[in-house]
Amino acid sequence: MTKMMYRDAVLSTIMEEMARDPDVVVLGEDVVGGMGTAGGPEAIGGIWSTSTGLYDRFGPGRVIDTPISESAIVGAAAGLALSGKRPVAELMFADFIGVCLDQLWNQIAKFRYMFGGKSRCPAVIRMAYGAGFNAAAQHSQSVHQILTGMPGLKVVMPATPADVKGLLRTAIRDDDPVIFLEHKALYATSGDVPDDPDFMIPFGHARLCRAGGDVTIVSTGLLLGMCEAAADRLAAEGIGCDVIDLRTTSPLDEETILDSVEVTGRLVVVDEAPPRCGLAADLRALVAEKAFSSLKAPPLQVTPPHTPIPFARELESAYLPSVDKIEDAVRRVLAWR
Amino acid sequence: MAKSARPRAANPRSSAPKPAAVAASVPDVSAALSSPVEDDATFALRSLQQAHANNKRYDASDAELLKFYEQMVLIRRFEEKAGQLYGLGLIGGFCHLYIGQEAVAVGLQSALNEGHDSVITGYRDHGHMLAYGIDPKVIMAELTGRGAGISRGKGGSMHMFSTEHKFYGGHGIVGAQVSLGAGLAFAHKYREDGGVCMAYFGDGAANQGQVYETFNMAALWKLPIVFVVENNGYAMGTAVKRGSAETHFYRRGTAFRIPGMPVNGMDVLEVRQAAEVALEYVRGGNGPVLMELNTYRYRGHSMSDPAKYRSREEVQEMRDKHDPIEGAKQELLKRGVSEDAIKDIDKKIRQQVAQAADFAESSPEPDMAELYTDVLVETY
Ligand SMILES: Cc1ncc(C[n+]2csc(CCOP(=O)(O)OP(=O)(O)O)c2C)c(N)n1
Ligand SMILES: [Mg+2]
């Protein structure tokens, strides 16, 4: 095990996979990092420092700063992938999928099916998501809800450095298009990461972060920390929570959720995306359909309200899920009847 | 190839003969298929550039030049204050300063009819608002996220808007404002109000696909719009030459028959004169103009950028030799305007900015209920 930051887990995994497989190439805005008139090629290494040093090691043929042209970045990544390369494209902020949605939705996600299984598009599209930085409505969003709804894409949301390592390696070696969502507030968090150069975590396998037996809490990414904090508080009163990290929203590990809800009979889904037609609604429908007889209370969701993301600090914290809100939801499912 | 479809005057190479083999074997059908467009004589691809080259600097009165100076100093001091408040933690999120680029917004917008012609820009928007007479208090209060801010604290630095001033934002998605600008220009045309839209975007934004979709439409429909590329040399950490195949941005309208103008964006009088030329053309119903304003941002891309991709010397050279405010000041002194008159302006602006900062620090945070308002015109 090596202790490292989430962002370094991203960087080191890309570095290792580039060294292992010459077909892996990296492209995106400022990924080389400010090779301007001074300062040398690695002055920045991407605005998230997730590509620092790649250029020095692999050169301009494999680490490519692009113009600000998201449609062409994703389109070119798709073309590279269709012809056998393994591009890892970075979109900087998840919000920018708006600019290249056609390439993600009508192109990448549909090739395999439309072409009767003849094509393969092993592209990884990485992007940073999430609020909490007063970055307002166009630089703070969580977009997994939109992308998970598209058949033909895999959607990954790692919560820890170890999961970054295992899931990103799987993503790069995977033959399907993978959306890799990194929460901005996690980049500077640290954790132990296995040293095995082939350490991989399969998609569609959720992680049971803790077992408690009274209530099931399901979440992803940054919010798991809040779920665990709420579970700690409740544990002091003898209330036990199962906390489940989905890891991937597509494919979805239904089994782990259903197994837990069959024991607890109570579900709280915690999500940073808007409340309508999203992950939380989807999982609540899942248990309503497949674990109906086990349910002891209506499944609840803790999400932001159905509004864009506000700028002002106080408004943004009111907007986001919190430990208090999660604790409150758990108490409400327990108090039912 | 039909001769009439080619701007012979504009492009001397266009008359180069085709390879004989191709000309002999392929029948030329382009003349029959292409729609009739104006002939060479009316195609003004370079005429504006020429007109500006012949008469580069605006003949400002002393009063006008003093006004330009005052507006540029206002932007500079406002941005310096915003930088300080950011450092103190009073401003959060992304904050992109306009320091160094003041002559662009001031020179161009001084030629517009404030509150009649529309202006739209990206996230580096404080300067364009100040140049359009929007109260520094409500801008600063937006930066600090207060209820009295121009967007009630919901938008922040990147997202501000004023219908009264016809300032249409303040947009965080690079390039989006360019297409929006076409719509604003279209509205002027529909209303026949004689107004124009000035749509600003960066050298980096110039590589977004929708910019070219917009160029085509604007030229096709002869929309009253001035496209302004603020070429400050960098898009975040990417120097222009590393992100753009054609680094002379004013030429990028050529394929759409949009005349281009390269302009020294560090001299407010040159900028203003270029605006005169461009606006005469656009207001005359001739369609869009593409202006490239060569300028420089002194600070990092945003407050969190240490700007290590360029040398200190490069920045110092721009500050020392090309500063737009210093340039205007020297011009004023040369004309015999007194040092005291200039100092009075400096003092007045310092007070104005201090008041804006006080207002922004002391006015209350937004009401929590604001989280749920303004999602739509109606509520649901
Ligand atoms: C669609 C989109 N892609 C990327 C970004 C991130 N981004 C914000 S500003 C910027 C650089 C823009 O440079 P330029 O257009 O030259 O304007 P400048 O900042 O120099 O004024 C980038 C890449 C964004 N906000 N929107
Ligand atoms: Mg720029």
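In this predicted model, 24 residues of domain 1 of chain A are in contact with 21 residues of domain 2 of chain A, where two residues count as in contact if their C-beta atoms, placed from the backbone, lie within 7 Å. Residues are numbered from 1 along each chain as its sequence is written, while chains are lettered from A in the order in which they are written. Local features need pLDDT of at least 70 and side-chain atom pairs count only at pLDDT 80 or more, whereas totals for chains, interfaces and linings use all residues.

**Domains of chain A**
- Chain A is divided into domain 1 (2-193) and domain 2 (207-335), with bounds that come from an automatic or database domain assignment, and the centres of these domains, taken over C-alpha atoms, are separated by 27 Å.
- On the side of domain 1 of chain A that touches domain 2 of chain A, the elements giving two or more residues are α6 (144-148), β6 (154-156) and α7 (161-173) of chain A; helices (H or I, at least four residues) and strands (E, at least two) are DSSP runs, numbered from the N terminus.
- By class, that side of domain 1 of chain A has twelve nonpolar, ten polar and two charged residues, with Ala, Val, Leu, Ile, Met, Phe, Trp, Tyr, Cys and Pro counted as nonpolar, Asp, Glu, Lys and Arg as charged, and the others, Gly among them, as polar.

**Contact between chains A and B**
- Between the chains, 36 residues of chain A are in contact with 39 residues of chain B.
- The elements of chain A that give two or more residues to this side are α3 (70-82) and α11 (313-319), and α11(A) gives the most, with five residues.
- The side of chain A that touches chain B comprises 20 nonpolar, twelve polar and four charged residues.

**Helix packing in chain B**
- Helix α7 (residues 136-143) of chain B packs against helix α14 (residues 339-362) of chain B at an angle of about 45°, with their axes 8 Å apart; axes are lines fitted to C-alpha atoms, for helices over the stretch in contact, and angles run from 0 to 180 degrees between N-to-C directions.
- α7(B) and α14(B) are therefore oblique to each other, since angles under 35 degrees count as roughly parallel, over 145 as roughly antiparallel, 65 to 115 as roughly perpendicular and the rest as oblique.
- The contact of α7(B) with α14(B) has nine nonpolar, two polar and one charged residues.
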